[in-house]
Amino acid sequence: YQRRVHGTLSECLFFFAFVLNTMSSSAVEQSSTNLSTFEPSEFRPFVLTAVEPESHNTSRYRFALPADATTGMMTASCIVLRFTKPDGEVVIRPYTPVTDVDVRGHFDLLVKRYPTGLMGQHLDKLALGGSVEMKGPILKERYVANAYKHVGMIAGGTGITPMYQILRAIATNPGDTTQVDLIYGNLTEGDILLRAAGRAGSARGCSG
């Protein structure tokens, strides 16, 4: 894709224009007084409220926040998930939410289930109403508007998510004039993620 974008990032960046904010599965009702907010230095439990398939081996997991709370994410930043296996091994993995940073009441993670992937398998088996410990946000590299005229981006698979975060911020900034070239690779057409967001981006004048 080619889009007006700018920013400097050490890792791959990806562009699509719109976040998918609807989820077809049932949500679990939770009292906002019992829901966590993010703290960078402390793991806290976040409740799973919905799951929606994104591809044959990737799903979008929605977690609850208090109704008036956001993730507090900065662009570009991530969060860290943690769980403990029955044998006592602690598994920790970083993820980038695919929800806009100003969305309140929930956030979504796009996670692939690898055959030997510990966190992906754990989330796949997690029941609605269950919780996962998380902390963050953790700033990776601060996005600065109009820092570069033209940016090249390369992504593969779920490596799309940190790029999506950056480019959503850019797409919603009318003052951003940077050009972006994106190369996004997958094993098969069925592995392409965030398709609807890509179509929305094309409708808004993106070229690929």
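Helix α2 is mostly covered, with eleven of its twelve residues buried. In this predicted model, the helix spans residues 160–171. The distance from its first C-alpha to its last is 16 Å, close to the 16 Å expected at 1.5 Å a residue. The buried residues of α2 include Ile160, Pro162, Met163, Ile166, Leu167, Ile170 and Ala171. Thr161, Tyr164, Gln165 and Arg168 are also buried.

The chain as a whole contains three helices and nine strands. Along the sequence these elements follow the pattern β-β-β-β-β-β-α-β-β-α-β-α. Of the 208 residues in the chain, 48% are buried. The accessible surface of the chain is about 9900 Å², and carbon and sulfur atoms account for 52% of this area. When contacts between residues at least 6 apart in sequence are considered, 79% of them join residues at least 24 apart.

Strand β4 comprises residues 77–84 and strand β5 comprises residues 90–95. The two strands pair in the antiparallel sense, and six bridges connect them. In one of these bridges, Leu81 is partnered by Arg93 of β5. β4 and β5 form a hairpin, with five residues lying between the strands. The turn of this hairpin contains Gly88, which has a positive phi of about 95°. In a regular strand, side chains alternate between the two faces of the sheet.

Note on methods. Residues numbered from 1 in each chain as written. Predicted model: local features only at pLDDT ≥ 70, side-chain atom pairs only at ≥ 80, totals over all residues. Heavy atoms only, no water. Helix = DSSP H or I, 4+ residues; strand = E, 2+ residues; numbered from the N terminus. Buried < 20%, exposed > 50% of the residue type's maximum accessible area, 1.4 Å probe, protein only. Contact = heavy atoms within 4.5 Å. Areas by Shrake-Rupley, 256 points an atom, 1.4 Å probe, with all protein chains shown as cover. Expected span 1.5 Å × (residues − 1). Pairing = 2+ DSSP bridges.
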